[in-house]
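Biologist: Could you take me through the packing of this protein, step by step?

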Amino acid sequence: MCQLLGMNCNTPTDVTFSFTGFAQRGGRTDHHADGWGIAFFEGRGLRHFVDHAPASESPVAELIQRYPIRSRNVVAHIRKATQGRVALENCHPFVRELWGRYWVFAHNGDLKGFAPRLHSSFRPVGDTDSERAFCWIMQELAKSHAGVPSVAELTLTLRELAAPIARHGTFNFMLSNGEALWAHCATNLFYVERSHPFAHAKLADEDLSIDFARNTTPQDKVAVVVTAPLTVDEQWTQFAPGELKVFADGAVVG
């Protein structure tokens, strides 16, 4: 299965520490070597990087580890192909526009027999079950709401939409519109909330440590969501199967 990483913050923050450990799972400390991608929201804009090379070997991934792009919402993915060939168009996260803003989606799992009718402007470019699921979600969101709903309203709608998809197989996913980060668990997802007083952390996949207190202010709040804990000395909370959580301003809000 693939690997997911999401970050939500109350102030623009770089993800270089977490991504450095996460990228090692793309062919070095794990066997997920079929591509990777990451998306950073910056205001209404979006920086989107994908590569079909393994994340642990990709020069683009090396750039991300060295370039401290600051964002309040980040979604990253390391691919282990189950449906769809190893190709750039099949690399997550996928991006679409709705209501004049970008939406970013990444999926971990395998959906069998999921062939929804797509009759609006949301169509897959690649040939993965993941992109089909994203297009259907976007189509149904557009049908359910006339304009951008509140985070709470979106959470209710996404819970309703996730259930019929999950009946087709494993459906761990992350979705963001730059305002919040939604994470749905089918099998494995963990999160940690970092706030004052910030502590020291050591990566599980790389010999690298950080003292967050030296790089933050007392007002900062950061939530990190991942398939498996990235650090060995922080208290990670595991999602329950079937649970959808929403993160805003660096904390769980629903």
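**Cores, sheet and helices**

Modeller: In this predicted model, Trp182 touches, apart from neighbours within four places in sequence, Val151, Leu154, Thr155, Leu158, Phe173, Met174, Leu175, Ser176, Asn177, Leu244, Lys245 and Val246.

Biologist: Which element gives the most to the largest nonpolar core?

Modeller: That core has 29 residues, and those with the most contacts inside it are Ile137, Leu141, Phe171 and Trp182. Two or more residues come from each of strands E5, E6, E7 and E14 and helices H3 and H4. With seven residues, the element that gives the most is H3.

Biologist: How many residues has the other core, which lies apart from it?

Modeller: Among the members of this other core are Cys9, Phe19, Trp36 and Val226. Its residue count is 25.

Biologist: Which strands are the edge strands of the open sheet?

Modeller: Seven strands, paired antiparallel, follow the order E3-E2-E4-E1-E12-E9-E13. Within it, E2 (residues 36-42) and E4 (residues 70-78) are joined by five bridges, and Ala39 stands opposite Val75 in E4. The strands that pair on one side only, and are therefore the edges, are E3 (45-51) and E13 (237-238).

Terms used:
Residues numbered from 1 in each chain as written. Predicted model: local features only at pLDDT ≥ 70, side-chain atom pairs only at ≥ 80, totals over all residues. Heavy atoms only, no water. Pairing = 2+ DSSP bridges. Helix = DSSP H or I, 4+ residues; strand = E, 2+ residues; numbered from the N terminus. Core = buried A, V, L, I, M, F, W, Y, C linked by side-chain atoms within 4.5 Å. Buried < 20%, exposed > 50% of the residue type's maximum accessible area, 1.4 Å probe, protein only. Contact = heavy atoms within 4.5 Å.
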